[in-house]
Amino acid sequence: MAKLPLLALGVAALVLSAAGMVAAQKCGCRANECCSRYGYCGTTDAYCGNGCKSGPCSGSGGGGGGGGGGSGVSVEGVVTKAFFNGIKSRAGNGCAGKSFYTRRSFLAGARANPNFGKGRTTDDAKREIAAFFAHVTHETGHMCYIEEIGGARQNYCDDRSHPEWPCTSGKGYYGRGPLQLTWNYNYGAAGKSVGFDGLNNPEKVAQDAEVAFKAALWFWMNNVKQVLPRGFGATTRAINSGECNGGNSAAMNARARYYRAYCKKFGVDPGHRLTC
């Protein structure tokens with residue numbers, strides 16, 4: 001499940017320029033904004049240039065969703081109807097997600113995150129798409145589940161460590177959507193970026209497929225994309241570290257199998273370090 005905390009705030013404050021750069025107190029930026037090296041949101045070179053952590057970065061040395069200037073692919077061309085529906089075809093007819101998740105809603109999420117499917121090479125870009133869908137396949141049971149099984153019984157509220165995202169009484173921040181977004185601080189920041197009230201209306205991720213994919217891709221761009229160069233295993237650790245180091249080897253290996261299969265479909269070598 002998508003459980004990691006938000007990117008840490010930088011210790012230095014970014015000075016506003018006469019051009020009127022827009023700063024925020026933390027990352028969790030809108031889709032068209034970059035998260036700067038110091039943890040602020042904006043669209044100018046000061047945010048999207050050198051050290052940019054996520055978003056449509058243009059400089060070098062960035063982490064997060066950076067990598068601007070690299071090679072990209074047509075996400076729509078790679079994620080064909082046959083590929084997307086081929087994943088769903090393995091879900092049972094009674095699965096709620098089978099009619100909920102659509103290729104159109106995924107592509108809307110991808111358009112809102114234009115740096116998704118970009119890498120140093122075209123093969124890197126395809127590996128990113130393969131990795132994303134490997135985790136989606138595992139997290140949702142081939143797009144069967146919209147919500148975490150038994151999630152409503154779990155307490156995913158941590159507003160002591162994250163007081164900026166206070167939990168709303170009676171609301172559950174359990175796994176929902178393609179990457180099973182979890183925890184109040186992820187719902188709050190994803191909602192701010194995507195455009196819904198994640199703290200007061202977390203259910204939106206299970207009700208609107210476009211919001212669901214946008215929230216999943218927000219988490220991916222801010223917490224997962226930056227570890228891709230370390231191998232697929234690092235992405236598993238970023239999404240659910242509890243499966244690593246013997247925590248749940250069966251689940252960890254299942255993710256890696258999906259990844260290898262999708263890389264094969266896309267005609268790229270999966271690389272090394274596929275497990276964690």
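User: Where in the chain is glutamate 164 placed?

Analyst: Glutamate 164 sits in the loop between helix H6 (122-140) and helix H7 (184-194), where helices are DSSP runs of H or I with at least four residues, strands are runs of E with at least two, and the numbering starts from the N terminus. This is a predicted model, in which local features need pLDDT of at least 70 and side-chain atom pairs count only at pLDDT 80 or more, while totals for chains, interfaces and linings use all residues. Residues are numbered from 1 along each chain as its sequence is written, and side-chain values use heavy atoms, with hydrogens and water left out.

User: Why is glutamate 164 called partly exposed?

Analyst: Buried means under 20% relative accessible area, exposed means over 50%, and partly exposed lies in between, using a 1.4 Å probe and protein chains only. Glutamate 164 has a relative accessible area of 35%, so this residue is partly exposed.

User: Why does glutamate 139 count as buried?

Analyst: The relative accessibility of glutamate 139 is 11%, and therefore this residue counts as buried. Glutamate 139 belongs to helix H6, and UniProt, in an unreviewed entry, places the feature "active site" at Glu139, although such annotations may be inferred rather than shown by experiment, with feature names shortened and positions given in the numbering used here.

User: What makes H7 mostly covered?

Analyst: Of the 11 residues in H7, 9 are buried, among them Tyr185, Tyr187 and Ala189. The buried residues of H7 pack against helix H8 (209-224), and just after H7, glycine 195 adopts a positive phi of about 110°.

User: Which residues touch the most other members of the largest nonpolar core?

Analyst: A nonpolar core is a set of buried Ala, Val, Leu, Ile, Met, Phe, Trp, Tyr and Cys residues joined through side-chain atoms within 4.5 Å. The largest one has 62 residues, of which Phe106, Phe116, Ile129, Phe132, Phe133 and Trp220 touch the most other members. H8 gives the most to this core, with 12 residues.

User: Over which residues does pLDDT stay under 50?

Analyst: The predictor's confidence in each residue, pLDDT, runs from 0 to 100, and it stays under 50 over residues 5-25. Over residues 59-69 the pLDDT is below 50 as well. Where pLDDT is low, the predicted coordinates should not be read in detail. For the protein as a whole, the mean pLDDT is 85, and 79% of the residues reach 70 or more.

How values were computed. Contact = heavy atoms within 4.5 Å.
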